[in-house]
Amino acid sequence: MKERLRRILRSTNATPVIVLDEIDSEGLRGSRLQKTIIVEKDVENLVKFHNGIFIKKRISRRYCPVCGKRMRKYGKTRRLELYKCSCGVIIDKHVATSYNAILGP
Ligand SMILES: [Zn+2]
């Protein structure tokens, strides 16, 4: 993962912006997921080394990227997990997460 990120950071002429979903490090202490904290620090160091911008924040998955309301599960295919908002938006969970990572609070 680190080598792939390093390759991406080297290949761009623009300032890279990396948004990482913030994890509750206290909740992970002593668990198998504790390694995630180490990876997070590695990613931050790598991004800063390449003069990028590193942002850590809680990214909402279930909130509509258009109006901000909570969405409901709508359906599932082999590749997509769809959510629907009362404003009419139907969106894949991962796409909504990506929008919220960039545009969300
Ligand atoms: Zn909406």
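Arg-72 has Lys-84 in strand 4 as its bridge partner. The two strands involved, strand 3 (residues 72-76) and strand 4 (residues 81-84), run antiparallel and are joined by 4 bridges. Strands here are DSSP runs (E, at least two residues), and helices are runs of H or I of at least four; both are numbered from the N terminus. The model is predicted: local features need pLDDT of at least 70, side-chain atom pairs count only at pLDDT 80 or more, and totals for chains, interfaces and linings use all residues. Residue numbers start from 1 along each chain as its sequence is written.

**Sheet**
- A hairpin of 4 residues links strand 3 to strand 4.
- Strand 4 and strand 5 pair over 3 bridges, in the antiparallel sense. Pairing requires at least two DSSP bridges between two strands.
- Leu-82 has Asp-92 in strand 5 as its bridge partner.
- Strand 3 lies largely in the open, because 0 of its 5 residues are buried. Buried means 20 or more other C-beta atoms within 10 Å of the residue's own; exposed means 12 or fewer, and partly exposed lies in between, with C-beta atoms placed from the backbone.

**Helix and core**
- The largest nonpolar core has 7 residues: Tyr-63, Cys-64, Met-71, Tyr-83, Cys-85, Ile-91 and Ala-96. Such a core is a set of buried Ala, Val, Leu, Ile, Met, Phe, Trp, Tyr and Cys residues joined through C-beta atoms within 7 Å.
- Leaving aside neighbours within four places in sequence, Tyr-63 contacts Gly-68, Lys-69, Arg-70, Met-71 and Asn-100. Contact means C-beta atoms, placed from the backbone, within 7 Å.

**Whole chain**
- The chain holds 4 helices and 5 strands, in the sequence pattern α-β-α-α-β-β-β-β-α. Its radius of gyration is 16 Å, well over the 13 Å of the globule rule for 105 residues, so the chain is more spread out than a compact globule. The radius is taken over C-alpha atoms; the rule is 2.2 Å times the number of residues to the power 0.38.
- Of the 105 residues, 9% count as buried.

Key: Contact = placed C-beta atoms within 7 Å.
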